[in-house]
Amino acid sequence: MTVLKLRVNLQLFAQEKTEPATPKKKADERKKGQVAKSQEIPGAFILFFSFLFLFMFGGYFQDRIYRLFTVSFNEYMLWDVSINNTIIIFGNLLLNGFFLLLPIFLGTVVIAILGNYLQIGFLLTGDPLLLKFSKLNPIAGAKRIFSLRSVVEFLKSLLKFSIVAIICYTTIVAEKDAFLALANLPLESIFGFTARVTLILGLKIGGILIVLALFDYMYQKYDYEKNLRMSKQDIKDEYKKSEGDPLIKGKIREKQRRMALQRMMQDVPKADVVITNPTHFAVALRYDPKEMESPVVIAKGQDYIALKIRELANINNITLMENKPLARALYEQVEIGESVPADLFQAVAEVLAYVYRLKRKA
């Protein structure tokens, strides 16, 4: 009973998601569009930098708007009311309005792209747009609504609303006296004061939202890493899928070794000489002056394989030469199918010359 409980506990421990995600798991999730990303950062950046842009180039916008209204009241109002004049007036107004707002629109797009790029880099995937019926599951939807993530999002929204309300309240209270004096100011001064207060509010709110967005990004990254955690069994299964089952790979390698050994043994009868240790090593050499520049090792082995090479050599009447240093050197330095290195030429040539003399005598 104790052993059974121990096995169950080990299985449960192996299934617990305690390990950080592997690079392959992160890459697969990235392809699906699942990345650590805060939706607050682009919005906060857009709000802050848009107001900062207006603050820096407010004079330019004021001048363009002033000229637009001046032309409208001083020129367009004096034109005859006709279809052609109406088309020209509205065309000019739309064109001037477009060029007036174009810098803000371009800046907003650039900031939005930059805010996402800084978080996740370049990512182009259509997987989140695919129709998946699992998303229509009402039970899963209810779980998402009442999940811890939903509670965190609600608290986050409540915190943002509270901070924005406090900033608006403190800013307006600080300008209370100026608000009371607006009734005695000309219209141009009222517009200037309103624009100044609006810009101050926008910059303050945008700056605070950027700070909150950075904290939100850190939370999103933590939550993302937590959800991607893997169990030890998951890591083993992933390794098997990517690298193959170690048992199967071992059997394949063993079969390949047997096939290579079989091919090597089939080449032993083609050898001119087999150099031995005499019992531990055996190296079969072949040399054909018409086809080769130097002798080639066509088979080699140690212990049991060396014994088989010697047996095949005896069966096929191949000369066996005992030369311990040469056999060991050839076995360690030359692979099957490779030519004899230059530093062993002299020793191998003497062996082959002796073998050729024996063949001529025979």
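This passage describes the confidence of a predicted model and the surroundings of selected residues.

In this predicted model, local features require a pLDDT of at least 70 and side-chain atom pairs count only at pLDDT 80 or more, whereas totals for chains, interfaces and linings use all residues. Residues are numbered from 1 along each chain as its sequence is written, and side-chain values use heavy atoms, with hydrogens and water left out. The mean pLDDT of the protein (the predictor's confidence in each residue, from 0 to 100) is 78, and 85% of the residues score at least 70. Helices (H or I, at least four residues) and strands (E, at least two) are DSSP runs, numbered from the N terminus.

Ser-38 is located in the loop that joins α2 (23-31) to α3 (40-56). With a relative accessibility of 0%, Ser-38 is classed as buried; the classes are buried under 20% relative accessible area, exposed over 50% and partly exposed in between (1.4 Å probe, protein chains only). Beyond its neighbours within four places in sequence, Ser-38 is in contact (heavy atoms within 4.5 Å) with Gln-119, Ala-213, Asp-216, Tyr-217 and Gln-220. The side chains of Ser-38 and Asp-216 also form a polar contact at 2.4 Å. A polar contact is a pair of N or O atoms within 3.5 Å; within protein, one must be able to donate a hydrogen and the other to accept it, and residues adjacent in sequence count only if both atoms are side-chain atoms.

Asp-216 itself belongs to helix α9 (residues 187-227) and is buried, because its relative accessible area is 5%. When residues up to four places away in sequence are not counted, Asp-216 touches Ser-38, Gln-39, Glu-40 and Lys-156.

Glu-19 occupies the loop between α1 (2-15) and α2. Its relative accessibility of 21% places Glu-19 in the partly exposed class. Neighbours within four places in sequence aside, the contacts of Glu-19 are Arg-229, Met-230, Ser-231, Lys-232 and Ile-235. The C-alpha atoms of Glu-19 and Ile-235 are separated by 8.5 Å, although the two residues are 216 residues apart along the chain.

Phe-122, by comparison, lies in the loop between α5 (83-120) and α6 (138-145). Phe-122 counts as exposed because its relative accessibility is 66%.
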